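Subject: Structure handover

Hello,

Please find the structure below. Notes on what was found in it follow.

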Amino acid sequence: MRIRTTTSLATFLVAGLVPLALPATAASAAPAKHGDDFNGDGYRDYAYSSFSARGGGGVTVVFGTATGPGSRQQRITQTSSGVPGTDEADDMFGEVRAAADFDGDGYGDLAVAATGEDGSHGADQGAVTLLWGSASGLSKGTTLPNKNPGRNNYMGKDLATGDFNGDGKQDLAVINESMTYVYRGPLKRTGTTGTVTKLDKTTSFYASALISGKVNGDKKTDLAIIGDVVGSEKIASDAWFIKGGATSLTPGKSLRLESQPGNGGSSERGGDGVIADFDKDGYGDIAIGTSLYSKHKGRVSVWYGASGGPSRSARLTQSTSGVAGTPENHDEFGSSVSAGDVNGDGYADLAVGVRGEEIDGQEYAGGVHVFKGRTSGLSGAGSQWFARNTPGVPGPLTADDQFGGLVRLRDTNGDGKADLHVSAVDALRLPGSAGGITTAGATGYDAAPIDGFLQ
């Protein structure tokens, strides 16, 4: 589980939070059920980036309860006891986070990137710190060995966790200088790891995002690496599939996400995504939102899993039959995606943010589509659309609300149906139900910023 933030999302200013002691809770000897259960009480916790006016960043944890985020919080920075490094401006400590029980002690741990960390090899070398779970929450930290130190390498630009070799131990994938390094577990508090594999497709492929999950139906986690492809006559973005394996990771096929003539333009073009089983065939499907596609109209690419890895692909846009709206420049369809079962039918569903949607003359008002999983996969049939002017959605329709800049599907009330959490100027929660996402019971949501809901 991991989360990746971008500059388009709101920055949360947090001051005066201090770690709170929690009651001792005995974790089982078995690995934690949830990688983001940092205090071992059986409930998922919420770790989000939080920046003060002058510091180098930090992470705030809101501890979970049976009904979602609770009232207890903990803040960790590089000034916290036992955390390596120095709190310096622009370190960006906590901007990227991923959770797993790396040492198998029954407590979830948190990998935290500081992409702006300076080092002996120059500015913005980057660094990744492992914060260790305990009965009282996250405590102390260990620096992950940097296998490619260098100026402007931004180690930790993205992170992803999983058991890539099927040995029962959690591993960590890290982007470092636009290449991907997979650290085999167990990752230990001494700083030692298992073997490290470098994944570098070609000299013209620049990794920008990581997605992990089980695509081919075996017990090993697979990896999809999104990256820019730069040529002399065009610039593009691809998703590159890496098959998990007991002895080695196997590079596989690629899916083109978008392309344009020329060799200039934006970096990190390919967007980000999730892996979930949308057609309930036992294979994970890869869904990637690419919001800059076609002058930022945006689209979502769905690469369906099979026994040999990803196979057929499909595209979703606002011109797909049954989908509300019309594709327009700067809509940014696919600005965020999240998967979850909103109606309890066993199929994963997909929420897609459209943060740039103009509504009633209000630019960047934004909205969210929800696509229903079914045997044939995702389509526009029965899809839902929510915006501030949807009856029952709280809050006024305003310009620059960017409703849907970040979306998360998460069952926070324990009813077996994922709820839709939407970022905006004022975030909100729309409950899941047997009929899908509903506005009945929709409320503003400030229990925890939703960038703490790890995918």
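**Notes on the model**

G380 counts as buried, because its relative accessibility is 3%. Here buried means under 20% relative accessible area, exposed means over 50%, and partly exposed lies in between (1.4 Å probe, protein chains only). The areas come from the Shrake-Rupley method with a 1.4 Å probe, and for residues only the protein chains shown count as cover.

Before the rest, the conventions. The model is predicted, so to say: local features need pLDDT of at least 70, side-chain atom pairs count only at pLDDT 80 or more, and totals for chains, interfaces and linings use all residues. Residues are numbered from 1 along each chain as its sequence is written, and side-chain values use heavy atoms, with hydrogens and water left out.

**Buried positions and their contacts**

G380 is found in the loop between β23 (367-371) and β24. Helices (H or I, at least four residues) and strands (E, at least two) are DSSP runs, numbered from the N terminus. The C-alpha atoms of G380 and G322 are separated by 4.4 Å, although the two residues are 58 apart along the chain. Residues up to four places away in sequence aside, G380 touches T320, S321, G322, V323 and F371; contact means heavy atoms within 4.5 Å.

S336 sits in strand β21 (residues 333-340). S336 is buried because its relative accessible area is 6%. Apart from neighbours within four places in sequence, S336 is in contact with A351, V352, G353, G404, G405, L406, V407 and R408.

A387 is placed in the loop between β24 and β25. With a relative accessibility of 0%, A387 counts as buried. Its contacts, leaving aside neighbours within four places in sequence, are I359, G366, G367, V393 and F403.

**Salt bridges**

How many salt bridges does a search of the whole structure find? The search finds 12. A salt bridge is a side-chain nitrogen of Lys or Arg within 4 Å of a carboxyl oxygen of Asp or Glu.

D36 counts as buried because its relative accessibility is 0%, whereas R44 counts as partly exposed because its value is 22%. D36 and R44 also belong to a network of salt bridges that includes R410.

R312 pairs with D279, and the closest N and O atoms are 3.9 Å apart. This pair links distant parts of the chain: R312 is in the loop between β19 (299-303) and β20 (313-316), D279 is in the loop between β17 and β18 (285-290), and the two are 33 residues apart. R312 is partly exposed because its relative accessibility is 42%, while D279 is buried because its relative accessibility is 8%.

R388 forms a salt bridge with D401, with 2.7 Å between the closest N and O atoms. Both residues are in the loop between β24 and β25, 13 residues apart. Both R388 and D401 are buried.

**Surface charge**

Which residues form a negative surface patch? The patch is formed by D87, E88, D90 and D118. Patches are made of residues with over 30% relative accessible area and no salt bridge, like charges being joined within 9 Å and nonpolar side chains (Val, Leu, Ile, Met, Phe, Trp, Tyr) within 5 Å. Asp and Glu count as negative and Lys and Arg as positive, while His and the chain ends are not counted. The place of a charge is taken as NZ of Lys, CZ of Arg, CG of Asp or CD of Glu. D87 lies in the loop between β4 (68-76) and β5 (93-100) and counts as partly exposed because its relative accessibility is 31%.

**Backbone**

Most residues other than glycine have a negative phi, and most peptide bonds are trans. The following depart from that.

G185 and P186 are joined by a cis peptide bond, with omega about 5 degrees. P186 is in the loop between β11 (179-183) and β12 (196-199).

E268 is not a glycine, yet its phi is positive, near 50 degrees. E268 is found in the loop between β16 (250-261) and β17 (272-276), and is partly exposed because its relative accessibility is 35%. D400, also not a glycine, has a positive phi of about 65 degrees. D400 lies in the loop between β24 (384-386) and β25 (407-410).

Regards
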